[in-house]
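Here's a short tour of one protein model. Have the sequence and the 3D view handy, and follow along as we go.

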Amino acid sequence: MSEQSVVPIDQLLPNKLSLVALMGRPIFPGIFTPIMIGNPADVKVVDDAVAAEGLVGLVMLANETETPSIKDLYKVGTAAKIIKKINLPDGGVNIFISTLKRFAVKKTLNPINPIVAAVEYLEDEEDDTSEVKALTRALISEMKQISENNPLFSEEMRLNMINIDHPGKIADFIVSILNIDKAEQQKILEILNVRKRMEQVLVFIKKEQELLRIQKRIQREINEKIEKSQREYFLKEELKAIKTELGMATDAKSSDYQRFKDKLDAFKFEGEIKEAVGQELDKFSLMDPNSGEFTVTRNYLEVLANLPWNAPEPENFELKTAAAILEKDHYGLKDVKNRIIEYLAVRKLRKDTKGSIVCLVGPPGVGKTSVGRSIARALGKAFFRFSVGGMRDESEIKGHRRTYIGAMPGKIIQGLKIVKTRAPVFMIDEIDKMGVSFQGDPASALLEALDPEQNTGFRDRYLDLPFNISSVFFIVTANTLDTIPSPLLDRMEIIQLPGYINTEKLEIARRYLLPKSLEKNGLKSGQVKYTRDSLMHIANGYAREAGVRNFEKNLDKIHRKLAKQIVEAKEAAKSAEEEAGAGEKFAIDKALIEKHLGKPIFPEGAVKKADRPGMSIGLAWTSMGGDTLVIEAAAVLGKGGFTLTGKMGDTMKESAAIAMTVARKIGIERCGVSPEWFDQNHIHLHIPEGATPKDGPSAGITMATALLSLMRKQTITDKLVMTGELSLTGQVLGIGGLKEKTIAAQRNKARHIIIPKHNVRDLDDIPEHVKKGITFHPVERFEEVIKLALPSAP
């Protein structure tokens, strides 16, 4: 048997290598280490290498990129043998390698995916001198010193360092475990002269030792500070214990100071706020508790500590859930619900809460406040409501300056303190009823709070610090837009809430008002039964307003009387009969309603009619919703003239003058009225309910029709109402509030409505159930009005 010589593996290395790009640091020869490979191209190189000889080239990236080519690599790398490969769940691999020898890239065989190059293996340039031996001892000695002071160096590392016998490998091993820049490590990898390599490594060791010395000094200083703080803490605790043992009360001021400091420090303020809070705390610690300023400062710190300074959590709501909540809480209002859902959809898509200011406008009792509560529920946010109706002092909005003991922040800051979140839903009620006085203008003060460009740094006068309220979802309510200043109105998204017709009131009463009223008055749901006719009788006879507030009040009144009746029966009955009395049931009919509520405020025949010449029915818009308006005209023998009564405003007086001129012209030219008739008769135009102020530009055609009906001695068409302004040439001009006026026409049982042709586009905004049974007649000229209202007129 012939002898076979053993050849070292580094003498059998191939001249062609597939290269793996290293993102981190270069790997030196003589190292056994794991590497994680995630790049798909490099994973394929590893798989191919394992299938062949298991050899790859490891080269560090000079330019980090997701798809590296050979141009992005350094020229010097390390050949490595793959010992073991473990596949990872994410598609990468973990390999254990044994590095063998340095090489230099000489020629590119494939520049990318996979990178393949012809390589030349590099030998160490050794100087067998005493200087190299001295450097070796110095390296080992210095590293021992570092390893003893650094817990990250394990015992295994120390043993490996001692057992390496080759100077070049010692330098490679040391530089691989030092915490130095990867570019510096690459330079060491490229140094072939062993002596120069060791000298450079020694320089890095010295730098590491210097860093360790600085680290020790910092650690020592920190420990000293901690020991001092701990000592102070223990002394304070001992002092507290001694005071408690002696029965001495602890200092309330010190307790407050520590509580405020802990709370305010937790917010981690910066800049102006941090400086101001620090000054207030220092001032508080030095104050005499008996001084007046002590209370002012303490109250101020209390407000600061209880405000939600931290950023709010991201919104997380579902449109489906929001729609379900709105549908559950409110009947009808389909257009309003759609507008709210659209608004929330935009808010969710933008993931931005700035500029969130909604204005709900409608008559009293239509559910503006409850819609706001439902929006808060849909968003999963805290809800806070305050009213600004009648407010005349801007300090209610912007706060009082801290110049006296009773100073307090404004309503917005107070609300944030109560809800304890920076992103609540704030409802500001009655924004159309703010006043102005010598104390300022609250509407102007609201401009900053409601402007998304300014409220990121809202300054309450009490706080005198910037507070970000841009995450607050503001909802304001109003009965009319006329009294809201234009700059304030421009910052809002307007959503109109019209009134309800009788069929809607019935559903609202059945679903919401009855259960609520029964519970409020101590009655059970099965005890009181209402028929549809009885509820309709309440709606028609006692609650004809646009909303349902009076409807609810009347239900409460009935239920209170029933509760009284039940209690009196129980008290008068014996013990055996008490249960029977408690379980008594009531069927509510018209007779019982009139017994408890009295005679109807609006009798069944109280529908407004124009049943004689000189009368017409118009439609008006008020802050209470739509309403019908009776116009009466009468002629009295006399010298002529024209009188207006009914507390008309200036605009309506001008409309009446134009109506008189147009009616007189048409009466003379087309209806055969003699000019002398106007000289011989004094004409009086009146709008009933004279104590109620009336104004607005929409009664022109109504007044002209009443006057022409008087001149013709002809009654207008039955169940006909109208709305529209009139020009001097007979043109019918557009009006506003057609939806509310149509609801008023439904309540008055009208079947025909004359409207300006300009307002045909508004018909699409009116729900079908409101328009049901009504015929709309669009007109452009007053002559068309005459043909509809006075059909026999020429």
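## A helix and a loop

Let's start with helix 11, which covers residues 334–350: from its first C-alpha to its last, its 17 residues reach 24 Å, close to the 24 Å expected at 1.5 Å a residue. Keep in mind that this is a predicted model.

Which residues of helix 11 are buried? They are Val336, Lys337, Ile340, Ile341, Tyr343, Leu344 and Arg347. If you look down the axis of helix 11, these buried residues fall within an arc of 160 degrees, so they line one face of the helix. Over on the other side, you'll find Lys334, Glu342, Leu349 and Arg350 exposed.

So what do the buried residues of helix 11 pack against? Here are their partners:

| Element | Residues |
|---|---|
| Helix 10 | 319–329 |
| Strand 7 | 357–361 |
| Helix 12 | 368–379 |
| Strand 12 | 473–478 |
| Strand 13 | 493–496 |

Now hop along to asparagine 455, which sits in the loop between helix 15 (442–450) and strand 10 (458–459). Is asparagine 455 buried or exposed? Its relative accessible area is 4%, and buried means under 20%, so asparagine 455 counts as buried. A polar atom of its side chain lies 3.0 Å from the backbone oxygen of alanine 449. Leaving aside neighbours within four places in sequence, asparagine 455 is in contact with Glu448, Ala449, Leu450, Phe467, Asn468, Ile469 and Ser470.

Conventions:
Residues numbered from 1 in each chain as written. Predicted model: local features only at pLDDT ≥ 70, side-chain atom pairs only at ≥ 80, totals over all residues. Heavy atoms only, no water. Helix = DSSP H or I, 4+ residues; strand = E, 2+ residues; numbered from the N terminus. Buried < 20%, exposed > 50% of the residue type's maximum accessible area, 1.4 Å probe, protein only. Polar contact = N/O pair within 3.5 Å; in protein donor to acceptor, adjacent residues only side chain to side chain. Contact = heavy atoms within 4.5 Å. Expected span 1.5 Å × (residues − 1). Arc of directions from axis to C-beta.
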